[in-house]
Amino acid sequence: MAAKPKQDLSTASQWRLMAIKFRKHRPAVWAGMLVLCLYGIAAFCEFLAPHTQQYRDIDKAYAPPQVVRFISSDGIHLRPFVYGLEGFRDPQTHRKVYVEDREARHVIRFFVRGEPYRLWGVIPWDRHLFGLEGDATVHLLGTDSLGRDMLSRIFYGTRISLTIGLIGVGLTFVLGLVIGAISGFFSGWVDNIIQRLIEVIMSFPNIPLWMALAAALPTTWTPLQVYLGITVVLSLVSWTGLARQVRGKILSLREEDFATAATLCGAGPARVMFRHLLPSFSSHIIVSLTLALPTMILAETALSFLGLGLRPPVTSWGVLLIEAQNVQALASHPWLLSPVVFVVITVLAFNFVGDGLRDAADPYSK
Amino acid sequence: MSGTTNEPLLRVRDLRKHFPIRKGFFQSEVGRVKAVDGVTFDLAEGECFGLVGESGSGKTTVGRLILRALDPTSGGIQFRVGRQWHDVAAAGPEQLKSLRRPMQMIFQDPYASLNPRMTVFDLVGEPLLLHGMKNRAERADRVRELLNQVGLDPRHLQRYPHAFSGGQRQRIGIARALALNPSLIVADEAVSALDVSVQAQVLNLLRDLQEKRRLTYLFIAHDLSVVRHISDRVGVMYVGQLVELTEVDRIYRRPRHPYTEALLSAVPVPDPRLRKQRVVLRGETADPSNPPPGCPFHPRCPYAEERCGKEIPQWREVEPGHFARCHFADTLELSSQPGGPVRNHSPVSA
């Protein structure tokens, strides 16, 4: 058995074939990297964010985004820098107006010492990926009404929004798989009841159902409890689709020759289920979970935006967007909408990855 | 003609399988599809019994019932292991597992019957593993030996089914069926999905294996020329019932049921100059949920008389060893010519 590439393929497992095919799907690969980057942000947001969550500077409220520059009146600089911001009140409108202070050139430094924090709430550290020397501050995406750094808050929000998607999808997965498998395997009246229940759940309009369930969460709960409560709410509504897919797959695969063959070889029902049936559609489950993640993230964003999901001081993308509800604030401070960009990018990236996986999952498609 | 005098290996008595038709919210039964409706035959040890009929005639269901891949509605299936007779139809899960050791199946579709997620080693080795051969190295040796026997390269142990052609996949299926040293093999349209040239190879393989291992085949097919090539006896099924059963030469010499005549005349003849006068059947196969009164074949039968629409013909022995289900089995002079009654054709012994 020489290690010729052709022979490699014939002994390649389904997962390897899938990986090979996925790699040919360029947009999906790029989107996959993007998703990994986003989860990187979620994992290391304390380090990547220039400020901590507690940071606020009321004198810098509604400061516009600062532009990273390489060129000043002195010529080209090798190190990026920002100009300081000088804030004053407009005597006519009493609004705070910021102008760049061309004299104050602050070089952006990397791995700079800054506000102390605890990485993952445990490891004490004070290094940040980037920041300015001394007391000067940098706000690449501006600040909000309390002078909090938008970029830092978005990074912290990434952690919440992306993990809520993961945990929610995990719960959905368990619910959908178990209920769907029961429905498909036992069929008969069990199947009938479960399917009618799914129809009822599916026929509820999403937002009012979320609202009702979210309103049932006690107001006395801690932010962590609310966070878990919201994931449960989201997955209670969204398991139905997966349950149907699993049921359908099991119903059809049960009749496949290879399932019969396994039974005739002496395999019991459990072995047929877990060794033969489940592996043959695990790739489909992964695909539908990948496509369910963005829906979950969008749902959290929508709920929090409506004030029914997570509540401050917890930071998620949806919570950040609450500030963007005020049209006047939005008109004069458009950077408050920047979390939307992250939401859109995340959802698109997940969809591309899901598409790529779906194409790769079917070994016989062209 | 080897097998017919031997002691039977399998006895099927009045086997029935009715599938309920359920409708509506409460899934109430509104009818029954009589897929198999009173089938009786014996399989002699070492013979190859061909079961033919068009799609929907219930031949596949008979095969699956014998292996209890489906549970019969009623009827008896007795299987002999050594000198001991076992009641397959009434066997519980434990007994069934041990009974499936000497009875195995080869499937029609070599693509659907092999789990695409498992290597050849896992596929062919699974019955061994499930029947107690836990040692991996021992299993690998046995699988290599089996692959050798079915004409596959034993080095391809770790390959997945996607790396094989249809004929090769069917050989994997055969190796899997042989793994437990069965005495009976139900070959359900084992070659129908293959190219004609590959069909011949697989048929020859099946015959060689039969000689070497004294296998008994229940060979289910819709192609009479294939059945003639491999079978000792033939049973013809129509809408869940056997309509004719006899030795293969006799059926090719003088069929006793008009449906058999029609089937024989539908066998393609590879001769473009031949003018065909096929017995073309009118109408559709009878609906097994609502079969016509009298003989189920009478609406399509070219020889039907009034009696056929009223009286159900009995299953009877027209001459010794030749059974038919037709009122006029004794008097009808039926042709056995492929392509229709045109030229003299001497039957070749199969």
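Visitor: How many bridges join strand β11 (residues 316-319) of chain B to strand β12 (residues 322-324) of chain B?

Guide: Three bridges join them, and the two strands run antiparallel. A word on reading this: strands (E, at least two residues) and helices (H or I, at least four residues) are DSSP runs, numbered from the N terminus, and two strands pair if DSSP finds at least two bridges between them. Within the pair, E317(B) has F323(B) in β12(B) as its bridge partner. The hairpin of β11(B) and β12(B) has two residues between the strands, and G321(B) takes a positive phi near 80 degrees there.

Visitor: Before we go on, what kind of model is this, and how are its parts labelled?

Guide: It is a predicted model, in which local features need pLDDT of at least 70 and side-chain atom pairs count only at pLDDT 80 or more, while totals for chains, interfaces and linings use all residues. Residues are numbered from 1 along each chain as its sequence is written, with chains lettered from A and ligands numbered from 1 in the order in which they are written.

Visitor: In what order do the eight strands of the open sheet in chain B stand?

Guide: The order is β6-β7-β8-β3-β9-β10-β12-β11 in chain B, with mixed pairing. β6 and β11 of chain B stand at the edges with a single partner strand each, so one side of each has no neighbour in the sheet. On average, neighbouring strands here are turned by 20 degrees against each other, direction ignored; axes are lines fitted to C-alpha atoms, for helices over the stretch in contact, and angles run from 0 to 180 degrees between N-to-C directions. Inside the sheet, six bridges join β9(B) to β10(B), an antiparallel pair, and R233(B) stands opposite E247(B) in β10(B).

Visitor: Which strands does helix α5 (residues 166-178) of chain B touch?

Guide: For contact, look for two residues whose C-beta atoms, placed from the backbone, lie within 7 Å. Helix α5(B) packs on the sheet and touches β6 and β7 (184-188) of chain B, its direction making about 175 degrees with that of β6(B).

Visitor: How many residues of helix α9 (residues 258-265) of chain B are buried?

Guide: A residue is buried if 20 or more other C-beta atoms lie within 10 Å of its own, exposed if 12 or fewer, and partly exposed in between, with C-beta atoms placed from the backbone. In α9(B), eight of its eight residues are buried, among them Y259(B) and L263(B). These buried residues pack against β3 (48-52), α7 (224-230), β9 (233-238), β10 (241-247) and α8 (248-253) of chain B.

Visitor: What does chain A contain in helices and strands?

Guide: Chain A has 13 helices and four strands. Buried residues make up 34% of its 366 residues. An open sheet has the order β1-β2-β3-β4 in chain A, with antiparallel pairing, and its edge strands are β1 (69-72) and β4 (123-132) of chain A. Three bridges join β1(A) to β2 (residues 75-89) of chain A, where R69(A) stands opposite F81(A) in β2(A).

Visitor: How many residues of chain B are in contact with chain A?

Guide: 24 residues of chain B are in contact with 20 residues of chain A. The largest share of the chain B side, three residues, comes from α3(B). By class, that side has eleven nonpolar, six polar and seven charged residues; here Ala, Val, Leu, Ile, Met, Phe, Trp, Tyr, Cys and Pro count as nonpolar, Asp, Glu, Lys and Arg as charged, and the others, Gly among them, as polar.
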